[in-house]
Amino acid sequence: MLNASASEVRKKFEENRHVTSQTEIQRLLEEAGEASHFISTMIVQAKLNEWGGYEMKLGRDHAGATVEVPSEEILRKSV
């Protein structure tokens, strides 16, 4: 998920390489900052453990956050 996020961010920067308006550049940078915040605080990596469950190592950035566990159907589609 993190690799896909990084690829998407790079793609957006490349798509907007031609932008010269300071207002538009500022808007795009704010959007990138929001995306960066979302990625760093809302996405975690989970690994399947030997008991058939998933384990996550949450960092300080995730303190106080709630965790939404995806359904088995969503997990199967992502593989």
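## A pocket lined by H1 and H2

With seven residues, H2 supplies the largest share of the lining of the second largest pocket. H1 and H2 each give this lining at least two residues; helices here are DSSP runs of H or I, at least four residues long, numbered from the N terminus. This is a predicted model, where local features need pLDDT of at least 70 and side-chain atom pairs count only at pLDDT 80 or more, while totals for chains, interfaces and linings use all residues. Residues are numbered from 1 along each chain, and side-chain values use heavy atoms, without hydrogens and water.

A pocket is an open set of points on a 1 Å grid where a 1.4 Å probe fits, with protein on both sides within 12 Å along at least five of seven lines, and lining residues have an atom within 4 Å of a point. Here is the second largest pocket at a glance.

| Property | Second largest pocket |
|---|---|
| Volume (space filled by probe spheres set on the points) | about 330 Å³ |
| Lining | 14 residues |
| Nearest its centre | Lys 12, Phe 13, Leu 28, Glu 31 and Ala 32 |

Now to the loop: Arg 17 sits between helix H1 (2-15) and helix H2 (22-42). Arg 17 counts as exposed because its relative accessibility is 60%, the cut-off being over 50% with a 1.4 Å probe. Its side chain makes a polar contact (N or O atoms within 3.5 Å, one able to donate a hydrogen and the other to accept it) with the side chain of Glu 14, at 2.9 Å.

Methods: Buried means under 20% relative accessible area, exposed over 50%, partly exposed in between (1.4 Å probe, protein chains only).
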